[in-house]
Every structure is written in C-alpha cells, then in structure tokens.
Amino acid sequence: MTILKAVIVEDSRLARNELKELMKAHKEIELIGEAENVDEGFDLINKTKPDLLFLDINMPEKDGFELLEMLDEVPITIFTTAFDEYAIKSFEYNAFDYLLKPINQKRFSSSIAKVFEQSNPDTNTNIKTEGLSIDKQIFIKDGEKCWLVKIQDISLFEIVGNYTRVFFEGNKPLIYKSLAQIEEKLPVDVFFRANRQQIININHVKKVVSWFNGKLKIEMQSGEEIEISRRQSYLFKEQLSF
C-alpha cells in the first residue's frame with residue numbers, strides 16, 4: 001500500500017485535531033507534522049518534503065496563499081476553510097480540492113480518494129535530474145490571479161525587465177524572479193537555456209529548423225518561435241543528439 005506523507009498548516013488547534021481524527025480512518029495517509037502559522041509551515045514543509053498539504057486559507061499575519069507563494073515546490077494541496085468566499089477563491093487558485101469546516105468524514109474520504117485517483121502514486125515516474133522533479137507543482141501569483149502548475153506543463157520562461165514571464169496552457173503570468181533564480185531549480189534534462197532571455201521545455205518543442213550563422217530556430221507547440229544563440233545551438237544539438 002502506498003503511503004502519502006501529510007502535514008497540516010492550520011492556526012486553530014481544534015481544527016488540527018479534527019483533521020487528525022479524520023485521518024485515523026485512512027491508513028494510507030501518514031501525518032508527519034503540523035504547524036499553526038505560515039512561517040512554521042514553511043520550515044516544516046521544507047524540512048519534511050510532504051506529499052500532501054492540508055492548508056488553512058485564513059490565518060493571522062500571513063494567509064495560506066502567501067505560504068504557497070513562498071515555496072519553491074508545492075505538495076498536493078487541499079485547502080481547509082470556514083468561509084464560502086475563500087472556498088470559491090480557492091478554485092481560482094487551481095487548488096486540488098477544498099474542505100469546508102466543519103469537515104465531515106464522507107467529504108474528507110472523498111477528497112483523499114481524489115488525491116489517489118489523480119496523483120496515481122503507484123505509477124508516478126518522479127523523473128528527476130537536478131532541481132525540481134518535472135511532476136511537481138509550483139505556485140504562481142500574478143496580481144489577483146494564481147495557479148498551481150506542474151513543472152512539466154510549463155513550456156517557456158522569458159525575461160521581461162525585472163520579471164520573468166511563464167508560459168503554460170495558454171497563460172502568460174509574470175513572476176518577480178530572475179531567469180537565473182528559476183534556472184537553478186529546473187531539471188536540466190528537460191529545460192534548456194535557448195538564449196539570454198529564454199528557457200524552453202524541450203518536451204514542448206514542435207519543430208527545429210536551421211537558421212543563419214549556425215543558429216537554430218525553434219517552434220513551440222504553443223506557437224512561439226524561439227531563436228537559439230549560436231553557442232547554445234551547438235549544445236542543443238549535443239543534448240538532442242542531432
């Protein structure tokens with residue numbers, strides 16, 4: 001039986017105890033830690049690397065969305081909330097699921113079943129080289145819009161001034177991180193630095209054509225055309241055994 005490691009980040013002791021009671025009916029979930037605020041939760045998640053996160057949205061000082069924004073790698077996230085308005089907002093954030101307090105056993109069990117159905121841990125390839133695994137997800141916030149996005153679904157990163165634009169599934173939000181900061185976290189066998197401004201996901205490349213002065217031109221599946229610098233073109237050919 002596959003065991004998923006879980007943590008709870010929730011400011012209410014009563015709510016944490018409620019979740020722990022609900023978990024007792026699920027031997028496939030192992031609780032490995034709990035925290036009562038965002039900063040404690042951040043340290044706990046980085047230390048324990050859980051598979052599953054039960055996250056309260058409305059907490060003092062910093063809320064659950066701010067915690068996700070702090071993390072480089074986000075576990076499967078189930079929001080817990082006492083307020084319908086936050087439950088609705090969680091869908092805008094592409095949450096895996098949400099549980100409305102007080103949580104009943106049937107609703108909790110349904111959410112756990114959904115975790116196993118969609119994450120499919122028994123067949124998860126968990127491909128990893130250096131940095132993040134391609135099947136893991138990151139949290140992206142641009143203004144009022146937020147997304148939880150799997151690394152493998154991101155096709156392109158592009159510098160825009162002091163920001164980086166992230167391309168995935170028709171979305172192009174800006175994040176306040178440099179391309180160098182992002183590059184050091186990405187799996188090197190999947191993402192390639194095409195030039196000074198752009199990093200591409202080679203699994204999203206549709207076509208490669210020879211360009212002038214020994215350069216290559218890439219057409220992405222989403223339609224973007226990327227010019228690979230001459231130096232990087234040689235490395236790209238090597239990596240793809242052209």
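Where does Glu169 lie? Glu169 sits in the loop between S9 and S10, and we will come back to this residue below. Welcome to this structure, which is a predicted model.

- Three strands form an open sheet in the order S13-S14-S15, and their pairing is antiparallel.
- Strand S13 (205–210) and strand S15 (225–228) are at the edges with a single partner strand each, so one side of each has no neighbour in the sheet.
- From one strand to the next, the twist averages 25 degrees.
- Strand S14 (residues 216–220) pairs with S15 in the antiparallel sense over four bridges.
- Looking at a particular position, Ile218 has Ile226 in S15 as its bridge partner.
- As background, strands of a sheet pair through backbone hydrogen bonds, either parallel or antiparallel.

**One face of helix H2**

- The buried residues of H2 include Val38, Gly41, Leu44, Ile45 and Thr48.
- Viewed down the axis of H2, the buried residues fall within an arc of 120 degrees, so they line one face of the helix.
- Turned away from that buried side is a face that carries the exposed residues Asp43 and Lys47.

**Salt bridges**

- The model has 14 salt bridges.
- One of them joins the side chains of Asp39 and Lys62, at 2.8 Å from N to O.
- Asp39 belongs to helix H2 (residues 38–48) and Lys62 to the loop between strand S3 (52–56) and helix H3 (64–70), so this pair ties together parts 23 residues apart in sequence.
- Asp39 is partly exposed at 38% relative accessibility, and Lys62 is partly exposed too, at 29%.
- Asp72 and Lys185 also meet through their side chains in a salt bridge, at 3.2 Å from N to O.
- This second pair links distant parts of the chain, 113 residues apart: Asp72 is in the loop between H3 and strand S4 (76–81), and Lys185 is in the loop between helix H6 (179–183) and strand S11 (191–193).
- Asp72 counts as partly exposed at 33% relative accessibility, and Lys185 as partly exposed at 34%.
- Lys206 is in strand S13 and Glu219 in strand S14, so the pair ties together parts 13 residues apart in sequence.
- Lys206 is exposed at 57% relative accessibility, whereas Glu219 is partly exposed at 21%.
- Salt bridges with shared partners also join Glu10, Asp56 and Lys101 into one network.

**Aromatic rings**

- The count of aromatic pairs comes to seven.
- Tyr163 and Tyr176 make a tilted pair, 5.1 Å from centre to centre with 55 degrees between the planes.
- Tyr163 is in strand S9 (residues 163–168) and Tyr176 in the loop between strand S10 (174–175) and H6, 13 residues apart.
- Tyr163 is partly exposed at 39% relative accessibility, while Tyr176 is exposed at 62%.
- Phe192 and Phe236 form an edge-to-face pair, 5.0 Å from centre to centre with 65 degrees between the planes.
- Phe192 lies in strand S11 and Phe236 in helix H7 (residues 230–239), so their pairing ties together parts 44 residues apart in sequence.
- Both Phe192 and Phe236 are buried.
- A charged residue meets a ring as well: Arg107 lies over the face of Tyr98, at 6.0 Å from the ring centre.

**Backbone details**

- Most residues other than glycine have a negative phi, and most peptide bonds are trans.
- The peptide bond from Lys101 to Pro102 is cis, with omega near -10 degrees.
- Pro102 is in the loop between strand S5 (97–100) and helix H5 (105–119).
- Lys49 has a positive phi near 50 degrees, although this residue is not a glycine, and its place is in the loop between H2 and S3.
- Glu169, the residue we began with, has a positive phi of about 45 degrees and is not a glycine.
- Glu169 is exposed, at 63% relative accessibility.

Definitions and conventions. Residues are numbered from 1 along each chain as its sequence is written. This is a predicted model: local features need pLDDT of at least 70, side-chain atom pairs count only at pLDDT 80 or more; totals for chains, interfaces and linings use all residues. Side-chain values use heavy atoms; hydrogens and water are left out. Two strands pair if DSSP finds at least two bridges between them. Helices (H or I, at least four residues) and strands (E, at least two) are DSSP runs, numbered from the N terminus. Axes are lines fitted to C-alpha atoms, for helices over the stretch in contact, and angles run from 0 to 180 degrees between N-to-C directions. A salt bridge is a side-chain nitrogen of Lys or Arg within 4 Å of a carboxyl oxygen of Asp or Glu. Buried means under 20% relative accessible area, exposed over 50%, partly exposed in between (1.4 Å probe, protein chains only). Rings of Phe, Tyr and Trp (its six-membered ring) pair if their centres lie within 6.5 Å; planes under 30 degrees apart count as stacked, over 60 as edge-to-face and the rest as tilted. A charge sits over a ring if NZ of Lys or CZ of Arg is within 6 Å of the ring centre and within 35 degrees of the ring normal. The arc is that of the directions from the helix axis to the C-beta atoms.
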